[in-house]
Amino acid sequence: MSTRSRILPGFGLSLGITCTYLSLIVLLPLATIFSRTTDLSWAAFWSTVTNPRVIASYRLTFGASFLAAVVNTVFGLLVAWVLVRYRFPGRRLVDALVDLPFALPTAVAGIALTTLYASNGWVGQYLEPLGIKVAYTSLGITVALIFIGLPFVVRTVQPVLDDLEVEVEEAAASLGARRWQTFSRVVFPTVAPALLTGFALAFARAIGEYGSVVFISGNMPMKTEIVPLLIITKLEQYDYAGATAVAVVMLVASFLLLLTINLLQWAARRRMAA
Amino acid sequence: MRWVLITVALAFLAFTLLLPLVLVFSQAFSKGFSVYWQAITEPDALSAAKLTLLIAAVAVPVNMVFGVAAAWCITKFDFPGKNLLITLIDLPFAVSPVISGMIFVLLYGAHGWFGSWLMEHDIKIIFALPGIILATTFITSPFVARELIPLMQEQGTDEEEAAIVLGAGGWQTFFRVTLPNIKWGLLYGLILCNARAMGEFGAVSVVSGHIRGQTNTLPLHVEILYNEYAFAASFAVASVLTLLALVTLALKTLVEWYQRRSAHDLAEAKSTPERMAA
């Protein structure tokens with residue numbers, strides 16, 4: 001180790017650039033948000049984040065994100081399975097298309113989904129007579145979050161399925177396991193950590209999502225107002241302290257999720273190495 | 001069973017991904033080609049496009065330098081706190097775009113930390129170009145580093161060490177040995193970074209102030225047109241961004257293909273040492 005660092009040059013320069021850049025662009029700005037909360041007394045902070053309108057938006061954001069991440073976990077696993085295991089015409093095209101939500105600007109996704117699910121839209125016009133309203137409801141928010149989160153699950157599960165050898169399943173089958181048994185006893189335990197990571201990534205992305213949701217949500221306080229929108233509303237009213245308090249709770253939740261994801265991946269790597 | 005699964009998966013993807021994609025283009029041309037052309041060539045749209053390109057032209061190269069530097073120190077050296085540094089690099093991915101914009105308002109806005117000082121010196125950051133660039137740079141900072149770190153970790157330090165021992169300089173080693181090894185990974189990171197820089201909405205929306213012809217990016221222009229019920233025009237501009245996304249996907253797929261091929265070549269070269277010598 002010590003010999004390595006002696007041979008190659010550029011340690012000071014590269015570490016210097018990295019730390020300076022991170023401090024100026026990422027850490028200093030993020031630190032402001034925590035220091036700003038000290039402007040508020042604990043009681044004021046508490047009453048801001050437990051205000052019924054704020055609570056309603058937390059509940060909506062976390063609830064819709066959770067639901068969307070669950071749907072993504074189910075269908076993400078299915079899509080990953082089909083892409084890895086089966087050969088069919090257009091497979092590579094479909095594989096490339098899975099990343100569309102990563103590449104498409106969120107505002108474009110937002111207006112497209114809203115137009116699709118509005119009461120006169122391509123999909124909405126068939127759902128409306130059934131009494132299902134999607135656009136401008138919490139269901140619409142979930143639909144947008146499903147769109148945004150899908151690639152996370154597919155892309156974390158895909159490589160694990162790729163590594164899983166067909167022989168293991170064939171062995172299980174030849175030992176008399178039924179197809180469902182093979183899946184639940186052999187395949188599922190292997191992909192479970194990746195699936196959980198994909199779920200957490202999709203969930204983490206969903207709770208912060210703004211662009212794709214803001215058009216379809218309708219933005220009614222207490223009903224369809226997501227947390228990021230509430231923060232923007234408070235900022236526009238120059239209620240910086242209130243916006244900061246609401247944001248800090250979100251930020252702490254996001255960091256806890258990030259920590260969980262890192263621990264999951266670390267545990268998965270250790271299992272792989274063992 | 002197999003065809004049932006394929007059908008369900010494809011139907012789900014067609015419904016969630018393909019349908020919105022088709023809708024964008026169909027709505028964009030719903031009022032005819034002349035309306036479409038006018039929407040994407042009017043002065044406000046052009047200035048929004050120019051601004052979007054300018055933002056990417058600053059954010060992407062800056063994050064490339066950062067990404068390469070970060071990957072170099074993390075993968076070529078051992079030092080305490082390395083894992084913490086990797087986590088810090090990833091941090092912007094965990095932050096909501098709205099909060100990413102907000103932190104710059106708290107720093108440089110009229111009521112922010114440096115607000116009064118900036119006002120005295122007549123420097124505008126929030127509701128102006130610098131704020132948009134800062135927020136975009138923050139959001140896109142992890143892309144290149146994240147792509148390079150696992151790649152360079154896998155490649156190790158043997159080749160660079162050999163070059164140095166044989167008398168090459170530091171930069172020479174980087175440009176002749178490291179760069180050719182990481183070029184596809186680097187390109188991959190740059191493509192993703194660029195797509196996000198051009199498409200970012202939430203963070204930019206907080207810091208831009210939405211001044212038409214001045215601080216309006218293409219995604220914000222889409223929003224303004226949509227909220228004014230100019231749907232055809234809004235989707236026309238959106239279709240330009242959608243094309244950008246499709247080009248991004250195509251390039252990404254191509255780079256992945258080259259990456260696999262060069263990894264394959266490398267594996268072959270390593271298994272036949274005489275070919276290396278030749």
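Analyst: Chain B exposes about 12,700 Å², and carbon and sulfur atoms supply 67% of that; accessible areas come from the Shrake-Rupley method with a 1.4 Å probe, and for residues only the protein chains shown count as cover. This is a predicted model, where local features need pLDDT of at least 70, side-chain atom pairs count only at pLDDT 80 or more, and totals for chains, interfaces and linings use all residues. Residues are numbered from 1 along each chain as its sequence is written, chains are lettered from A and ligands numbered from 1 in the order in which they are written, and side-chain values use heavy atoms, with hydrogens and water left out.

User: How many helices and strands are there in chain B?

Analyst: There are 14 helices and zero strands. These are DSSP runs numbered from the N terminus, with helices being H or I of at least four residues and strands E of at least two. The C-alpha trace of chain B spans about 65 × 65 × 35 Å along its principal axes.

User: What share of chain B is buried?

Analyst: Buried residues make up 51% of its 278 residues. Buried means under 20% relative accessible area, exposed is over 50%, and partly exposed is in between (1.4 Å probe, protein chains only).

User: OK, the interface. What area is buried between chain B and chain A?

Analyst: About 7,700 Å², of which carbon and sulfur atoms give 81%. That is the accessible area (1.4 Å probe) that two parts lose on being put together, summed over both. In residues, 88 of chain B are in contact with 80 of chain A, contact being heavy atoms within 4.5 Å.

User: How many salt bridges between chain B and chain A?

Analyst: The count is one, taking a salt bridge as a side-chain nitrogen of Lys or Arg within 4 Å of a carboxyl oxygen of Asp or Glu. The side chains of A:Asp99 and B:Lys252 meet there at 2.4 Å, N to O. Helix H1 (residues 2-28) of chain B gives the largest share of the side that touches chain A, 21 residues.

User: Is that A:Asp99 buried or exposed?

Analyst: A:Asp99 is buried, with a relative accessible area of 4%, and B:Lys252 is buried too, at 6%. Both belong to a network of salt bridges that also links A:Asp95, A:Arg155 and B:Glu256.

User: Switching to B:Leu88. What does it touch?

Analyst: Leaving aside neighbours within four places in sequence, B:Leu88 is in contact with A:Leu22, A:Val26 and A:Leu27. B:Leu88 is found in helix H4 (residues 82-94) of chain B.

User: And which residue forms a salt bridge with B:Asp90?

Analyst: B:Arg146 does, with the closest N and O atoms 2.8 Å apart. B:Arg146 is partly exposed at 41%, whereas B:Asp90 counts as buried at 12%.

User: Last one, over in chain A: where does A:Glu225 lie?

Analyst: A:Glu225 lies in the loop between helix H12 (211-217) and helix H13 (227-236) of chain A, and counts as buried at 4% relative accessibility.

User: Which side chain is joined to A:Glu225 by a polar contact?

Analyst: That of A:Arg53, at 2.7 Å. A polar contact is a pair of N or O atoms within 3.5 Å; within protein, one must be able to donate a hydrogen and the other to accept it, and residues adjacent in sequence count only if both atoms are side-chain atoms.
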